[in-house]
Amino acid sequence: MRYKVLTVDDSKTVRIIVRKAFKPYDCDIIEAGNGVEGLAVAAKETPSLILLDVTMPVMDGVEMLTKLKSDPALKGIPVIMLTAEGGREHVLKIAKIGVRDYLVKPFKEEVLIEKCGRVLDLKPIAEAPAKARSIFDPADILIVEDKPAIIQQIQEGLRHTPWKIKGVGTQAEVLGHCVHTTPDLILVSLSLPEEAAFTLFRHIRTGIKTKYTPVFGLVVKTELGQQQQAQTVGFSAIITKPIDMAELETKIAKAMNLDTSLRYYSMEGDVMVMTLPENCAPAVLAEVGAYLKPKFAEAVDSGYNKVVLDVHHVKALHMGIIKLLFQAMQTCRELAIQSALVGHAQIVSECKSFEDTRGWTFHDSLEDAKASFGRSSPQLAAVS
Amino acid sequence: MPSTVEITESLIRDYINRAVTDVFKTMLGRVPTFSSPADWVAGEPPKPVGPVHRPQVVGTVGFIGEVNGLIYLHLDLDFARLCTRNLLGMTEAELDEAGDEVINDAIGELTNMTVGSFKNGLCDSGYPCMLTIPSILRGTNFSIEPTSSVVRHVYHFDCEEHRVVADILMKPSE
């Protein structure tokens, strides 16, 4: 259900600013120009929150608030005062009638949203129609670490990605950064002084823009107490030092829900190519395997029925790779897809030493494999 | 009730400086600098902002209670338009389409915030008072004369190439 926020202010300017501030969030703004209109709209629309000015013609905000709080049907609606009336006595008087918060003009839109976010679970809305982000799309990653060497190590290790990685050393810098840019993911060192990582985590989770941002804890492998504490409070993942960059990259991609299939699957003309990388760690094979059926099915659905299984980057064969290749060939058979293998001499030689793979035929290059589809029967016949 | 402090010219200057700076910085991202009106004669109305033939937009809001007065905020039309665009995130063309009413409302609100901030200082100094509804004056080469005896203070603020004048009229305490 979309929230409804009622802004009651005689100034059209303020109502426009409020509407502008809430534009990125999933809620409707309704307006009234004085207390009488405000009460009528509140009764009709039952808003989730009312933003109320004090000085207005016809009926002022104090009178409207008093009437609202004496109406059993409306008194439960939370009210935040948004007014230039900010004298201490005045604020105390209004607070006694019953308001959730009090924001004195002039105000920053971020502060308004932050205060409203304490009352409503505001969710940002996507500006464009939802599109799955891929591993090749840019993203902003913020590292909070007081050791510059670690920041540099991560920046170096992820240099091949399109991600913009910024390092900061203190909580204040994080909060300052988040005012202008909402990071897609935040890595926080759990060893910051005075448990600052956990204080910062609470700030991030209560911030309206960052409450859904994945937060990773960075910690030395042996610091089990800190790891447990981070898991208990809800850190999205724990990355242990020394950092395994491949593992970090995989976890970041998963936390940001990135489509990583483009790393392994591509269309070359009318042929789908599945490419295994040099490092075929179990996590990588699991990732490739997870996309296998949907990607092959997608190719068939688009009218293509040829697949090249390219293992020429792989340094040495092992059972995990062989199992994945069998799975790929099996899927090709089920979908009636022709397949061909590409690999270098060492892979070919290693395949000869296994009973099940002895009959596999490899091509030297992608071009050869693609050309083979025109002149030979499917590779599948050899391995079935 | 807080203990009252005497309302001196220095207190007024301090409160209006804080109010104008806070409002322009928070709402417009512009930092005005206080400048003494060298050519202002005590008790006289302020000179027009910019060339005399340029249209002026003047927002006014009063405060009534233990202390009573009015503040006029003078801007020339170009700056009033710029402030409105900044405040509402509008382009020049959008502002042309929206018309003068939007400019009046925006300057009225900036004045309301400025006077609110000024008078909140007075409230916290022991002079509780409330704001009145804003109003706008527009014209060219005009001056504002109070009808009864008031204490008048005029302060200038430079904001990049523009100037804002705060004209404060306060009734002497009885």
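## A walk through chains A and B

Buried here means under 20% relative accessible area, exposed means over 50%, and partly exposed lies in between, with a 1.4 Å probe and protein chains only. Strands (E, at least two residues) and helices (H or I, at least four) are DSSP runs, numbered from the N terminus.

Before going further, please keep in mind that this is a predicted model, in which local features need pLDDT of at least 70 and side-chain atom pairs count only at pLDDT 80 or more, while totals for chains, interfaces and linings use all residues. Residues are numbered from 1 along each chain as its sequence is written, chains are lettered from A and ligands numbered from 1 in the order in which they are written, and side-chain values use heavy atoms, with hydrogens and water left out.

Back to β3 of chain B and its partners. Two strands pair if DSSP finds at least two bridges between them. With strand β2 (residues 55-65) of chain B, β3(B) forms an antiparallel pair over eight bridges, and the two are joined by a hairpin through three residues. To find this pairing in the view, look for B:Gln56, whose bridge partner in β3(B) is B:Asp76. Strand β7 (residues 162-170) of chain B also pairs with β3(B), again in the antiparallel sense, over six bridges. Here B:Tyr72 has B:Asp167 in β7(B) as its bridge partner. In a regular strand the side chains alternate between the two faces of the sheet.

Now turn to chain A, which has an open sheet of five strands in the order β2-β1-β3-β4-β5, with parallel pairing. At its edges stand β2 (27-32) and β5 (101-104) of chain A, each with a single partner strand, so one side of each is left without a neighbour in the sheet. On average, neighbouring strands of this sheet are turned by 20 degrees against each other, direction ignored. Axes are lines fitted to C-alpha atoms, for helices over the stretch in contact, and angles run from 0 to 180 degrees between N-to-C directions.

Strand β1 (residues 3-8) of chain A runs parallel to β2(A), joined to it by six bridges, and A:Leu6 stands opposite A:Ile30 in β2(A). Helix α1 (residues 12-22) of chain A packs on the sheet and touches β1, β2, β3 (49-52) and β4 (79-83) of chain A, its direction making about 175 degrees with that of β2(A). Contact means heavy atoms within 4.5 Å. Helix α3 (residues 61-69) of chain A packs on the sheet too, touching β1, β3 and β4 of chain A, at about 155 degrees to the direction of β3(A).

Finally, have a look at the cysteines. Counting a disulfide as a pair of cysteine sulfur atoms within 2.5 Å, the total over all chains is zero. A:Cys332 is buried, with a relative accessible area of 0%, and the closest cysteine sulfur, in A:Cys351, is 16 Å from its own sulfur, too far for a bond. In chain B, B:Cys159 is buried at a relative accessible area of 1%, and its sulfur lies 6.8 Å from the closest cysteine sulfur, in B:Cys83, which is too far for a bond.
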